[in-house]
Amino acid sequence: MNLASLDLNLVVALRALLEERNVTRAGQRIGLSQPAMSAALARLRRHFDDELLARVGGHYELTALGQVLLDRTATAYDVLERLFASQADFDPAMEEREFKLVASDYAVAVFGTALARVVHEEAPGIRLCFTHTPPTVVDGTATLLSATDGMLMPHGVISGFPATDLYDDRWVFLVADDHPGIGDRLTRRDLARLPWVTYQRTYDTPAVRQLGMLGIEPRPEVSVDSFQLLPLLVAGTRRIALVQARLARLLSPIAAVRVVEPPYEPVPLREALWWHPVHTHDAAHIWLRDTAARVGAALDREAW
């Protein structure tokens, strides 16, 4: 396929047609008349040798190929949009721009808040938008990164994309202040016999895989889609929870819990900013990465 022979404006038309499934609405969405959008659909049908939109009764439905193209077109559109939004120069004090970052509530609480303070002081026209990490992150990393400016994620979960290391953390356990069966130390037997509160995402990393390798099978009594809720669900119970030490320190004032070190040497936890290669040479994104690395280095210098 020779890209030079293609009209990339058809990507815009294709996305609108596949998402709207209606020629008139698709045209209104991207500012084309109904005849112009019909002509675009005809060109797309010739290119793909497929109807893409098939009339069923009084409406259109996607063909099998149209369904396949739906997600691919959105990804391609996002990549092209970010590619052509790239800048050769970037003045953070003067620019207005939004950076969209995918992150867990842990990463936002520990790192995102610090990053937002620096951006607030140095780049008043810059907006940060943090969105929650979806369950499809491992299988859909390329699609996710193509539609965002980056993702905050520890090493060991995804790979194959450029990343900037930010800061180190470590895994600890939370127990209730008044837990009747645990003193200053936990044993591996405690980890097997006590009920757990767990973060319910399946991609939460080498820390969970390590437990299996050690022959420890947690007994989840409660699972929740938030690291920050773990202390509240541990307080006043016999439950235990595995959590990041920086977050445990941050949240300790809001729940009657205490931190206990694991009865084994936990795997390292190094948080990183991952991004799609399309951003690598964009001056604005370089500034974002450099700022993130600076904020991460400041966190590493703090006692924790």
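Which residue forms a salt bridge with Arg97, and how far apart are the closest N and O atoms?

Modeller: Arg97 pairs with Asp282 in a salt bridge, and their closest N and O atoms are 3.4 Å apart. Arg97 sits in strand 3 (residues 97–103), while Asp282 sits in the loop between strand 12 (269–274) and helix 11 (283–301). These are distant parts of the chain, 185 residues apart, and the pair links them. Arg97 and Asp282 are both buried.

This is a predicted model, so local features need pLDDT of at least 70 and side-chain atom pairs count only at pLDDT 80 or more, while totals for chains, interfaces and linings use all residues. Residues are numbered from 1 along each chain as its sequence is written, and side-chain values use heavy atoms, with hydrogens and water left out.

Now the terms. A salt bridge needs a side-chain nitrogen of Lys or Arg within 4 Å of a carboxyl oxygen of Asp or Glu. Buried means under 20% relative accessible area, exposed means over 50%, and partly exposed is in between (1.4 Å probe, protein chains only). Helices (H or I, at least four residues) and strands (E, at least two) are DSSP runs numbered from the N terminus.

Glu98 forms a salt bridge with Arg127, with 3.9 Å between the closest N and O atoms. Glu98 belongs to strand 3 and Arg127 to strand 4 (residues 126–132), so this pair ties together parts that are 29 residues apart in sequence. Glu98 is partly exposed, at 39% relative accessible area. Arg127 is partly exposed too, at 43%.

A search of the whole structure gives 16 salt bridges. One of them joins Glu19 and Arg29, with the closest N and O atoms 2.5 Å apart. Glu19 is in helix 1 and Arg29 is in helix 2 (residues 23–30), so to speak of one link is to speak of parts ten residues apart. Glu19 is partly exposed at 34%, and Arg29 is partly exposed at 40%. Why can such pairs form? Side chains of opposite charge can pair when their charged atoms come close.

Next, the backbone. Most residues other than glycine have a negative phi. Arg21 has a phi near 55°, a positive value in a residue that is not glycine. Arg21 is found in the loop between helix 1 and helix 2. Arg21 is partly exposed, with 33% relative accessible area. Leu52 is not a glycine either, and its phi is positive at about 65°. Its place is the loop between helix 3 (34–48) and strand 1 (53–56). Leu52 counts as buried, at 1% relative accessibility.

Asp49 lies in that loop between helix 3 and strand 1 as well. Asp49 is exposed, with a relative accessible area of 71%. From Asp49 to Leu65 is 16 residues in sequence and 10.0 Å in space, C-alpha to C-alpha.

Thr73 is in helix 4 (residues 64–84). Thr73 is buried, at 5% relative accessible area.

Now look inside. The whole structure holds two cavities of 30 Å³ or more. On a 1 Å grid over the protein atoms alone, a cavity is a set of points where a 1.4 Å probe fits but cannot get out, and lining residues have an atom within 4 Å of a point. The second largest cavity has a volume of about 40 Å³. Its lining consists of Pro154, His155, Trp171, Thr205, Pro206, Pro268, Leu269 and Arg270. By class, that lining has five nonpolar, two polar and one charged residues.

One last stop is near the start of the numbering. Leu6 lies in the segment before helix 1 (9–20). Leu6 is partly exposed, at 30% relative accessible area.

Notes:
On a 1 Å grid over the protein atoms alone, a cavity is a set of points where a 1.4 Å probe fits but cannot get out, and a pocket is an open set with protein on both sides within 12 Å along at least five of seven lines; lining residues have an atom within 4 Å of a point. Grid points are joined across faces, edges and corners, and a volume is the space filled by probe spheres set on the points. Ala, Val, Leu, Ile, Met, Phe, Trp, Tyr, Cys and Pro count as nonpolar, Asp, Glu, Lys and Arg as charged, and the others, Gly among them, as polar.
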